[in-house]
Amino acid sequence: MFSFSLLSKVVERMVSLSVGILLSTSLLHALPEAFESDADTHALFATLLGGLLAFFLLEKFAILRHSHHYEGDGHGHEHGHDAHEAGKAGWMILVGDGLHNFTDGILIAAAFLADPSLGIITGVAIIAHEIPQEIGDFIVLLNAGFSRTRAYVYNLLCSLMAVIGGVFGYVMLERATDWIPYVLVFASSGFIYIAVSDLMPQMQRRATLRETIPQIVLIAVGVGIVLFLTGQTHGH
């Protein structure tokens, strides 16, 4: 529906916006919600630590992967970058994305079960991150030799894993509500890890004042969106 030149601008801007949304969702809402429960505080902190280390290991073994870069996105990639990124590892990208989306579905279900307003905010946070990731994956697969139809269908199937994860999470966690605070903490560890280790370093590569100001503004907008949604949902 959009030209690649427009998509590249969307990816660049959405990365900054999603940093603000991910961090504010986890630090201002999901973690406080979990720690205000009856769950053991030390166990929750252990879950946070374990989550951060788990996401590090997943990314280390290429199971968790975030594609925000591709040829023509203005980052100066060499010719053949996308083929190298997706080529033989194309199926690994899709499998990792599917597992990631399945987990996102569980996290959204846990957030809604804890508090509907937190569920909405968590959904927005995941959408803000998934838009640049899915656009990046789609273009990488195209440049690696996938047809438009094939890349779109596979991306769509991977995205639908979030629906399956949401239904699974709702059914399982509704029967085991004591697990909800731990799932929220694990979700927060993922949000924080993605924002700090993946998205922010990308933003640091664009260090000029002209590029930094929009980044700061968009991070603030992301935080503002979360605060606005919180005020609206609690207001009702």
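Helices and strands are taken here as DSSP runs, numbered from the N terminus.

**Entry 1: the model.** I noted that this is a predicted model. I looked up its confidence and found a mean pLDDT of 81 for the protein chain, with 79% of its residues at 70 or more. Among the elements, confidence is highest in α2, at 91, and lowest in helix α3 (residues 81-86), at a mean of 49. I also marked residues 67-77, where pLDDT stays under 50. For that stretch the model has 41 contacts beyond four places in sequence.

**Entry 2: annotated spans.** I consulted the UniProt record, an unreviewed entry, which lists residues 40-58, 152-173, 179-200 and 212-231 under "transmembrane region". I checked two of these spans in the model. Residues 179-200 are 95% helix and 0% strand, with the end C-alpha atoms 30 Å apart. For residues 40-58 I found 95% helix and 0% strand, and a separation of 26 Å between the end C-alpha atoms.

**Entry 3: a helix pair.** I then asked at what angle helix α2 and helix α7 pack. Helix α2 (residues 41-60) and helix α7 (residues 180-204) meet at about 45°, and their axes are 8 Å apart. The two helices are therefore oblique to each other. I recorded the crossing of α2 and α7 as right-handed. On the α2 side the contact includes Leu44, Gly51, Phe55 and Glu59; on the α7 side, Pro181, Val185, Gly190 and Tyr193 are among the residues involved. By class, I listed twelve nonpolar residues, five polar and one charged in the contact of α2 with α7.

Methods. Residues are numbered from 1 along each chain as its sequence is written. This is a predicted model: local features need pLDDT of at least 70, side-chain atom pairs count only at pLDDT 80 or more; totals for chains, interfaces and linings use all residues. Side-chain values use heavy atoms; hydrogens and water are left out. UniProt positions are given in the numbering used here, feature names are shortened, and annotations may be inferred rather than shown by experiment. Helices (H or I, at least four residues) and strands (E, at least two) are DSSP runs, numbered from the N terminus. Axes are lines fitted to C-alpha atoms, for helices over the stretch in contact, and angles run from 0 to 180 degrees between N-to-C directions. Angles under 35 degrees count as roughly parallel, over 145 as roughly antiparallel, 65 to 115 as roughly perpendicular and the rest as oblique. A crossing is left-handed if the near helix is turned anticlockwise from the far one by less than a right angle, and right-handed if clockwise. Contact means heavy atoms within 4.5 Å. Ala, Val, Leu, Ile, Met, Phe, Trp, Tyr, Cys and Pro count as nonpolar, Asp, Glu, Lys and Arg as charged, and the others, Gly among them, as polar. pLDDT is the predictor's confidence in each residue, from 0 to 100.
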